[in-house]
Amino acid sequence: MNALTSDVDALPVCNTDRPNSWEVAALRSKLIEQMVQVVGKNPDLANSRDWFRAVAQVVRGVINERFIRMESRLVRSNERRAYYLSMEFLLGRLLTNNLIALDLLEPVKAALAELGQDFEDVRACEQDPGLGNGGLGRLAACIIESLATLGYPGYGYGIRYQFGMFSQRIENGQQIEYPEDWLRHGNRWEYKRPSVSYPVRFYGRIITYQDAAGQDSTHWVETTRVVAVGYDMPQAGFRSDTLVNLRLWGAQSFSEFNLQDFNNGNFIGAVEEKTHCESLSQVLYPSDATERGQELRLKQEYFFVSASIQDILARFLQSNPDVRRLPEKVAIHLNDTHPTLGIPELMRILIDVHRLPPEEAWEITRKVFSYTNHTLLPEALETWSVGLMQRVLPRHLNLIYWINQRHLELTKLRYPGEHGILPVVSLIDDHAARVRMGYLSVVGSSRVNGVAALHTRLMCEGVFQPFHRMNPEQFLNVTNGVTPRRWLLLANPMLSALICSRTGDHWITDLTRLEALVKHADDSGFMSLFRRIKNLNKRRLASHIQKKLAVNVDPDSLFDIQVKRIHEYKRQLLNLLSVITQYNRLRDGSVSNPQPRTVIFAGKAAPGYYLAKLIIRLINDVAAIVNNDPRTRDALKLVFLPNYNVSEAEVIIPGCDLSEQISTAGTEASGTGNMKFALNGALTIGTLDGANVEIKDAVGEDNIFIFGLKAEEAFDLVAKGYQPRKYYDANMELRRALDQIRDGFFSPDEPERYRPILHSLLDGGDKYLVLADYSSYMACLDRADGVYRTPDQWYRMALFNVARMGHFSIDRTVHTYAREVWKIRSLNPFLNV
């Protein structure tokens, strides 16, 4: 046995001593039965994908039994439910996650081994669902999983994207987008529900008249329609009989095929309506660079919320005939502003279908909805053109005008004489003729939360300051969290086993139990295993890099990692400038005994975000120079891993030494990658932004590397007239790096390729203060290098990061939502004490 792995291999696997109703022999028989009866293959001839289908079928059966029992229980008890609306659910592969949740992982591995199959080959056949892209979707997935684990009555709603966002490939250093064809082999975890379908309408016009009772009545007429069809993906909770259903909507046409057109030779016209309708659920975040793209996005958002609101009301009315009691049984949560059209949609149904007076419909609506804000950037708050909404959703614009008039009248009563406040808080930006969806979310919700303490404070002082002033008790903080089931138990089984060997396995559902690890910081045997596990995870990541990129990296080097959506405010450019500076130092021989470093980037840029895509190309161009320079390649490597997703993260995060969380202070809402990395024993280098502030408080300032301007200092610098050229002129290393980019050192075939980047930093104002924070960042990296050269100190700091992540469990987040926002009770009575 390899000396590096022998002690690690001897650790008991978490969760193997729990009783399980599945004997391996019975499970093997069940798999063979599914292979024959469902997959339709001879087990002796079946390949890994066939066995994946068989295993998934067995797991589906267990999940279905629990789901049916739970739904029956909820119908009987008529419990209040939370409905979570999100445009994204970044789930990750579900096979291993479900097996862990059901205590079936080790039995399935053993049964497959008896059948001559390797579990790793089987699980590799599953593709990541193309239902999300970034932190918004990953948070939604964590919340759904936690609701199920904790036994809360919840329900998720989203869109079943046929092609996801896109599959990212790097060709000639550039991001190229391809369809994310994740449904090519089907989705083994979904159930199409043809009986669960709703009409969704667009366009048309509204007519108003007085009915027989003399009341004003409004009808939305001459509309076009599509059908929303439900697809269910029940999500299993860990060691819980409770599941949470994720219902995704697929778009269909009322008329799938025009036989007359086909027979007349118009073969394309015969399916034109079908193609047009299905575009609503084909792609996540279609480009809005054109008017047609903007219209598609608006229709997509309305399609999603209309079907969801109709479904919520249909379920409610099955047990509660009086729609006025809706707030007693229903809480609807908006994950960012994409589902905000649910507010006027519920109003429309209550007024136009159930004939409630507008004031009564509004009071019901406000009690039902709550909203999570995810941005501090005013320009990032979603708005829609009044003209576009008038054409596509005339009834909803009519209702938004009604809501706005009521809102402004109340504002005038509360602040008489302050006429200047009205255009500031109006839901309609009259100057730009746009509907402010963030403002509508606030006005239409009973509770509004930020996702980190700093973010919530800045939100209340900034983008929503006048609303907070009017109704401060409406706002609260609910700091984000991550699920330890996926991000430690599944992603890092070796570290999980070590933790279980010292603390037991209660940490899996109570992450505060990790604090007990602190007492092992002086245990040399424990710390040796802790260090070896990190090294093994780094070797796994190094092997992954070699396989994907054909680049050899040294697992004994410091693995310095920044993986997240490519955006200027996340400052991948700052990281890259440090790489160029380190490269120059190595070339000059100005650093004696340099610390070997491997810098790893991953993340997608929005297809229409030119500068972000240019940053990706620059990263790859710099890598081509750095990795092939014989003077530096043994001390510095730079790689960009394409098509970042949950499965990639499960390999990357456990292998990280230094986690880059370097957004401009005051721009990141929270971040959850920072939590995942720290939970897996990485040290954070970051600004005091988002949840970094709370992580510093939790782990201690001696166990994190903090640099740069604080949020208030950044705001003051900009207010006083920030001049990036002063920093360029004052710092020789910074100037050299920028000049190399400008003059084509990294792009000799096209010297002016990166002039737009230089323009954004020097002439465009350096909006995210990259140059201002450069010197502090470089000094902080040097400090990190010094600590890394002292392994005992580094790994002690790393252990304190793992041990003090208890506050950042998604379970704490969900408990807070359940208690403070949704007012729901767990089906597990012990959690309601």
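Predicted model: local features only at pLDDT ≥ 70, side-chain atom pairs only at ≥ 80, totals over all residues.
The side chains of K548 and E648 meet in a salt bridge, with 3.2 Å from N to O; the term stands for a side-chain nitrogen of Lys or Arg within 4 Å of a carboxyl oxygen of Asp or Glu. K548 belongs to helix α22 (residues 524–549) and E648 to helix α25 (residues 646–652), so this pair ties together parts that are 100 residues apart in sequence. Helices here are DSSP runs of H or I with at least four residues, strands are runs of E with at least two, and both are numbered from the N terminus. K548 is partly exposed, at a relative accessible area of 36%, whereas E648 is buried, at 9%. In these terms, buried means under 20% relative accessible area, exposed means over 50%, and partly exposed lies in between (1.4 Å probe, protein chains only).

Residues are numbered from 1 along each chain as its sequence is written, and side-chain values use heavy atoms, with hydrogens and water left out.

By the salt-bridge rule, the count comes to 52. One of them joins R485 to E145, whose closest N and O atoms are 2.8 Å apart. Because R485 sits in helix α20 (residues 484–490) and E145 in helix α7 (residues 135–150), the pair links parts that are 340 residues apart in sequence. Both R485 and E145 are buried. Another salt bridge connects R513 with D510, at 3.2 Å between the closest N and O atoms. R513 counts as partly exposed at 41% relative accessibility, and D510 counts as partly exposed at 28%. Salt bridges also link R193, D232, R247, D311 and R315 in a network.

We can turn next to the sheet. Strands of a sheet pair through backbone hydrogen bonds, either parallel or antiparallel. Here, 9 strands form an open sheet with mixed pairing, in the order β5-β8-β9-β2-β1-β10-β11-β15-β16; two strands pair if DSSP finds at least two bridges between them. β5 (191–202) and β16 (475–477) stand at the edges with a single partner strand each, so one side of each has no neighbour in the sheet. On average, neighbouring strands of this sheet are turned by 25 degrees against each other, direction ignored. Within the sheet order, β1 (residues 81–85) and β2 (residues 154–159) pair in the parallel sense over 4 bridges, and Y84 has G156 of β2 as its bridge partner.

The axes of α12 (residues 342–353) and α15 (residues 394–414) come within 9 Å and cross at roughly 95 degrees. Such axes are lines fitted to C-alpha atoms, for helices over the stretch in contact, and angles run from 0 to 180 degrees between N-to-C directions. α12 and α15 are therefore roughly perpendicular to each other, the label for angles of 65 to 115 degrees (under 35 is roughly parallel, over 145 roughly antiparallel, and the rest oblique). Residues making this contact (heavy atoms within 4.5 Å) include M347 and I351 of α12 and L399 and W402 of α15.
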